[in-house]
Amino acid sequence: MLEVKNLRKRYGAIEAVRGISFTAQKGEILGVLGPNGAGKSTTMRMITGFLPPTEGTAVIADFDIVEQPIEAKRQIGYLPENAPLYAEMTVFGFLDFVAGIRGYRGAERRRRIESAIERCRLETVRHQPIETLSKGYRQRVCFAQAVLHDPLLLVMDEPTDGLDPNQKFVVREMIRSMAAEKAILISTHILEEVEAVCTRAIIIDAGHIVAEGTPADLKARHPSGRLDEVFRMLTQGTAEQVTAHR
Amino acid sequence: MKLCSANTWEIFKRELRAYFESPVAYVFLIFYLMLIMFLTFFVSRFYEANQADLKYFFFWFPWVNLLLVPAATMRLWAEERRTGTIELLLTFPVTLTEALAGKFFAAWAFMSLATLLTFPIVITTAWLGDPDGGAVVGGYLGAILLAGAYVAVGILTSTTTRNQVIGFVLAFVVCLFLALAGWPPVTDIVNRWAPSWLVNAVASLSVMPHYESLQRGVIDLRDVVYYASVMVLALFGAYLVIENRKSA
């Protein structure tokens, strides 16, 4: 479903991503862990076609994001960091725009919007301007635009960042409910998230993959058997080097 | 490169609606009309000229647009950058050309609406006298093309920053150059010390000579080509800026 091949990104003298390769299959929820500034967001942005890679590529359901960006982007649903949205639009107006951009017309367009509203539990706020919504609802609106076209690959950059425990629970439920028919990529620095939803995880540090495996495999790497200890062991001391990744 | 695809149309509709979703659009339109009327009637003393001639009215478009077109375009890309929606927009299955074209046509349509809403002046003049119909058509065509050129410049400067105010000021400065470089009161002064070939070369970049010939009711293909070139060049510049600086 997703094959990431030796992705690299260089910003002048700084190399934010230094050759990352991995795959994700249908039914998998792959967690991408790493300290802030490790290159998670940059990797996500290259996979979704926002940033051009300096080297390497990502193939999504047979479409190469560099060679066939439009076809590849049709297969991807993307929830960027901080859930950016057009704040002045209503929830319905925004999803209607996204449905149009995704090529739906007429009754199918309507059906897609209604289904996304239902799946993301946005019924009560459908006619509200997005700027009046709470952070949890905004996250769900952005989630709704990402799943409206039922993509094969769902990419989420820190989907539960800044949410309260109830909102986190709702978002994780939504992620799990969609896992069966998609490959899902979640970047996070929240370790409990990995144990809560991911079937497999990779740990990135300073632009490299430093570990890969199921949450249980990763935990076994440290005598304490705790994921945060493993994380600290693998990524300590290098976190601040590449924070200036713009 | 498809300019007028379904995606361009979707983005066009969204942007046009975005203008009217806030009260700013209405304030903008009213201010635009009041400013044009004020300048025409009180500064140019339209009535005292005692002629049913609209040249005093069309004279003001390059100057009013100088202030108001950058205000209408400054949001278009700067806001996408500031809020991060650029990351959504450019990961949708749309090309950058489609996104740019949608935004450009939306802003141009909005400015064309503002321009055409000045029609009561034309009706009044036609009622009082007998203005030259060709000059009215040419005048409006010129004003709309001029607005299009300014809009393209405004979009270019808006792509360079995440700060709307900077986008506005840069657009104002570039458009001011485009206006003054070929405006006779300025070129006459510069002509006293600069070689005339240089003055003419710089003046040929200006919107003014092209605007003035259209105002006389002469619809010359060269003037239309000039405006189209300014639009294409500025939008191409915007394309390059975004392509090279996605996350700024």
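## Chain B: an all-helix chain

Let's start with chain B, whose secondary structure consists of 14 helices and zero strands. Please keep in mind as you read that this is a predicted model. Read from the N terminus, the elements of chain B follow the order α-α-α-α-α-α-α-α-α-α-α-α-α-α. The radius of gyration of chain B is 19 Å, close to the 18 Å that the globule rule gives for 248 residues, so chain B is as compact as a globular protein of that length.

Along the principal axes, the C-alpha atoms of chain B fill a box of roughly 60 × 45 × 30 Å. Of the 248 residues in chain B, 43% are buried. If we take the contacts in chain B between residues at least 6 apart in sequence, 82% of them join residues at least 24 apart.

## A helix pair in chain B

Two helices of chain B are worth a visit together. Helix α9 (residues 133-159) of chain B and helix α13 (residues 208-215) of chain B have axes that come within 7 Å and cross at roughly 155 degrees. Since an angle over 145 degrees counts as roughly antiparallel, that is how α9(B) is placed relative to α13(B).

Which residues make the contact between α9(B) and α13(B)? On the α9(B) side they are Ala135(B), Gly138(B), Gly139(B), Leu141(B), Gly142(B) and Leu146(B). From α13(B) come Tyr211(B), Leu214(B) and Gln215(B). By type, the residues of the contact of α9(B) with α13(B) are five nonpolar, four polar and no charged.

## Leu35 of chain B

Elsewhere in chain B, Leu35(B) belongs to helix α2 (residues 24-43). With 15 other C-beta atoms within 10 Å, Leu35(B) is partly exposed. Leu35(B) can also be placed relative to Val64(B): the two are 29 residues apart in sequence, and their C-alpha atoms are 7.5 Å apart in space.

## An open sheet in chain A

Now for chain A, where four strands form an open sheet in the order β2-β1-β4-β5, with antiparallel pairing. The edges of this sheet are β2 (14-24) and β5 (63-64) of chain A. Each of these strands has a single partner strand, so one side of each is left without a neighbour in the sheet.

Strand β4 (residues 55-60) of chain A pairs with β5(A) in the antiparallel sense over two bridges. Within this part of chain A, Ile60(A) has Phe63(A) in β5(A) as its bridge partner.

## Positive phi in two loops of chain A

Asn82(A) has a phi near 65 degrees, a positive value in a residue other than glycine. Asn82(A) sits in the loop between β6 (76-79) and α3 (91-101) of chain A.

Ala206(A) is not a glycine either, yet its phi is positive at about 50 degrees. The loop that holds Ala206(A) lies between β9 (200-205) and β10 (208-213) of chain A. Is Ala206(A) buried or exposed? With 21 other C-beta atoms within 10 Å, Ala206(A) is buried.

Key:
Residues numbered from 1 in each chain as written. Chains lettered and ligands numbered in written order. Predicted model: local features only at pLDDT ≥ 70, side-chain atom pairs only at ≥ 80, totals over all residues. Rg over C-alpha atoms; globule rule 2.2 N^0.38 Å. Buried ≥ 20, exposed ≤ 12 C-beta atoms within 10 Å, placed from the backbone. Contact = placed C-beta atoms within 7 Å. Pairing = 2+ DSSP bridges. Axes fitted to C-alpha atoms, helices over the stretch in contact; angles between N-to-C directions. Parallel < 35°, antiparallel > 145°, perpendicular 65-115°, else oblique. Nonpolar A, V, L, I, M, F, W, Y, C, P; charged D, E, K, R; others polar.
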